[in-house]
Amino acid sequence: VIAAEQAQLAAYKCPAAPVVLLRKYLSQERWVGALDGCLIFEDDKVQYPLSTRTPVRAEPDSDAELLSLGSLFLVVSLQDRYEGFATPQVLTSLSAKKIRSLHVAALSKYLLGRSSTCELLVPGTKAKEVPNPVPSPLSTAVLGAARAGEIPFRPPLLDEELQMLPGQVAADSSESNEDASSTEQFSEKESSDDDEEESDDDEDEDEE
């Protein structure tokens, strides 16, 4: 039984999966909630610890701290009430970090599916720096308490959906600028070498 459960959870262990699930559930108005230190996605019968690190950063900087799943859930739950209600007690209860107010609106729009991207997303080249999440299956008791057996479950997300974070860019702009700079310097060196060769050829012709 345990082996079968782990096999079913394999696709949910991708770093992008918790954010993909949160965004999909919110944009489709599916129920999602926190219980006993975990965020529950009942249609997929899976839960993640609120402390799970996600491929979303606190700042656009490449070395910024990764936000927890609880941090994202709190932002999108409070939205324009975030500044007034994201108290230290609430943050602690959800394993959340306080996010700067200038990022709240953009992050909320992204998580609600109203924006196609967000500057806080970790780029594809940095994806390996995000730890793999540790999902666990929802127990029958939890499912019963959340759903009470009255509302039918909707289909779970497809495996390929869980692996693709919408709006994720290939690389940071700083990385792109570094690559462009390196290419430029290499081109300048090649040009300089060509000029030196031409100068040597001219000198040889003068000697003849």
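# Reading a predicted fold, feature by feature

Mentor: Gly 167 lies in the loop between helix 8 (159-162) and helix 9 (173-207). The model is predicted.

Trainee: Is Gly 167 buried, exposed or partly exposed, and which cut-offs decide that?

Mentor: Buried means under 20% relative accessible area and exposed means over 50%, with partly exposed in between. Gly 167 has 32% relative accessibility, so it counts as partly exposed.

Trainee: Which residues does Gly 167 touch, not counting residues up to four places away in sequence?

Mentor: Gly 167 touches Ser 116, Thr 117 and Leu 121. Take Ser 116. Gly 167 and Ser 116 are 51 residues apart in sequence, yet their C-alpha atoms are 5.5 Å apart in space.

Trainee: Now the whole chain. How many helices and strands are there in the protein chain?

Mentor: The protein chain has nine helices and six strands. Of its 208 residues, 38% are buried. Consider contacts between residues at least 6 apart in sequence: 66% of them join residues at least 24 apart.

Trainee: How many bridges join strand 2 to strand 3?

Mentor: Four bridges join strand 2 (residues 38-41) to strand 3 (residues 46-49). Phe 41 stands opposite Val 46, and Leu 39 stands opposite Tyr 48. Then check the turn. The hairpin of strand 2 and strand 3 has four residues between the strands, and Lys 45 takes a positive phi near 55° there.

Trainee: What joins strand 3 to strand 6?

Mentor: Two bridges, with the strands running antiparallel. Val 46 has Pro 137 as its bridge partner in strand 6.

Trainee: Where does strand 4 pair?

Mentor: Strand 4 is joined to strand 5 (residues 66-68) by two bridges, again antiparallel. Arg 57 has Leu 66 of strand 5 as its bridge partner. Strand 4 (residues 53-57) is mostly covered, with four of its five residues buried.

Trainee: Why is helix 2 described as largely enclosed?

Mentor: Count its buried residues. Nine of the 11 residues of helix 2 are buried, so the rest of the structure largely encloses this helix. Among the buried ones are Pro 18, Leu 21, Leu 22, Arg 23 and Tyr 25. Their cover includes strand 2, strand 3, strand 4, helix 3, helix 6 and helix 8. Just after helix 2, Glu 29 takes a positive phi of about 55°.

Trainee: How do I read two packed helices?

Mentor: Two packed helices are described by the angle between their axes and the distance between the axes. Helix 3 (residues 69-78) and helix 6 (residues 101-111) pack at about 95°, with their axes 9 Å apart. That angle makes helix 3 roughly perpendicular to helix 6.

Trainee: Which residues make the contact of helix 3 with helix 6?

Mentor: Helix 3 contributes Leu 72, Val 75 and Val 76, and helix 6 contributes Val 104, Leu 107, Ser 108 and Leu 111. By class, the contact has six nonpolar, one polar and no charged residues.

Trainee: How many of the 10 residues of helix 3 are buried?

Mentor: Nine, so helix 3 is largely enclosed by the rest of the structure. The buried set includes Leu 69, Gly 70, Ser 71 and Phe 73. Just after helix 3, Gln 79 takes a positive phi of about 50°.

Trainee: Last, the core. What is the general idea?

Mentor: In soluble globular proteins, nonpolar side chains tend to be buried together. Here the largest nonpolar core has 45 residues. Leu 21, Leu 22, Phe 41, Tyr 82, Leu 107 and Leu 111 have the most contacts inside this core. Helix 2, strand 2, strand 3, helix 3 and helix 6 each supply at least two of its residues.

Trainee: Which residues is Phe 41 in contact with, leaving aside its neighbours within four places in sequence?

Mentor: Phe 41 is in contact with Pro 18, Leu 21, Leu 22, Tyr 25, Val 32, Val 46, Tyr 48 and Leu 138. Pro 18, Leu 21, Leu 22 and Tyr 25 are among the buried residues of helix 2. Val 46 is the residue opposite Phe 41 in strand 3.

Conventions. Residues numbered from 1 in each chain as written. Predicted model: local features only at pLDDT ≥ 70, side-chain atom pairs only at ≥ 80, totals over all residues. Heavy atoms only, no water. Axes fitted to C-alpha atoms, helices over the stretch in contact; angles between N-to-C directions. Parallel < 35°, antiparallel > 145°, perpendicular 65-115°, else oblique. Contact = heavy atoms within 4.5 Å. Nonpolar A, V, L, I, M, F, W, Y, C, P; charged D, E, K, R; others polar. Buried < 20%, exposed > 50% of the residue type's maximum accessible area, 1.4 Å probe, protein only. Pairing = 2+ DSSP bridges. Core = buried A, V, L, I, M, F, W, Y, C linked by side-chain atoms within 4.5 Å.
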